[in-house]
Amino acid sequence: MANQRHSRKRDAILECIRSTTSHPTADWIYAQLKPEITDLSLGTVYRNIAAFKKEGLVSSIGVIDGMERFDGNTMAHPHFICTCCNSVIDVDDVPPAENFAESVKCGKVTQMAVTFTGICNECVKNSSKH
């Protein structure tokens with residue numbers, strides 16, 4: 001597939017996604033960029049994200065609390081989703097994803113996603129203060 005033509009908006013949207021580990025929503029990306037790119041529309045953000053996903057430049061973590069979340073790190077890695085604050089956190093302290101894929105005997109794994117859900121350390125700490 002041919003790459004979309006580069007534009008200031010397209011490059012800024014991709015850089016915004018890649019520059020954070022917060023796994024942003026399209027609305028968050030739009031809010032970050034709108035002050036400096038005044039003619040940016042939310043539709044432009046969504047169209048570019050769709051193109052980035054198709055091109056493999058970003059991945060979708062899934063829909064959390066009604067909003068799709070994105071990751072600029074497209075390497076296979078697990079995530080932790082907090083059911084209290086809806087934060088999405090990269091998980092670094094589990095065996096490499098390749099180890100899981102190698103153990104699947106029913107076919108050749110071409111893509112996988114490992115997601116843990118629970119209450120993040122920050123929410124646990126905050127709830128224990130009450």
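User: In this predicted model, which residues is Asp71 in contact with, leaving aside its neighbours within four places in sequence?

Analyst: Happy to start there! Asp71 is in contact with Ile17, His23, Val58, Ser59, Ile61, His77, His79 and Asp90. Asp71 itself is found in strand β2.

User: What makes the pairing of Asp71 and His77 a polar contact?

Analyst: The cut-off for a pair of N or O atoms is 3.5 Å, and the side chains of Asp71 and His77 are joined at 2.9 Å. A polar atom of the Asp71 side chain also lies 2.9 Å from the backbone nitrogen of Asn73.

User: Why is Asn48 called buried?

Analyst: Its relative accessibility is 13%, and buried means under 20%, so Asn48 counts as buried. This residue of helix α3 touches Arg10 and Ile13, not counting residues up to four places away in sequence.

User: How do you know that the buried residues of α3 are on the same side?

Analyst: Thr44, Val45, Asn48, Ile49, Ala51 and Phe52 are buried. They cover an arc of only 160 degrees around the axis, which puts them on the same side of α3. The face turned away from that buried side carries the exposed residues Arg47 and Lys54.

User: What do the buried residues of α3 pack against?

Analyst: They pack against α1, α2 and β2.

How values were computed. Residues are numbered from 1 along each chain as its sequence is written. This is a predicted model: local features need pLDDT of at least 70, side-chain atom pairs count only at pLDDT 80 or more; totals for chains, interfaces and linings use all residues. Side-chain values use heavy atoms; hydrogens and water are left out. Buried means under 20% relative accessible area, exposed over 50%, partly exposed in between (1.4 Å probe, protein chains only). Helices (H or I, at least four residues) and strands (E, at least two) are DSSP runs, numbered from the N terminus. The arc is that of the directions from the helix axis to the C-beta atoms. Contact means heavy atoms within 4.5 Å. A polar contact is a pair of N or O atoms within 3.5 Å; within protein, one must be able to donate a hydrogen and the other to accept it, and residues adjacent in sequence count only if both atoms are side-chain atoms.
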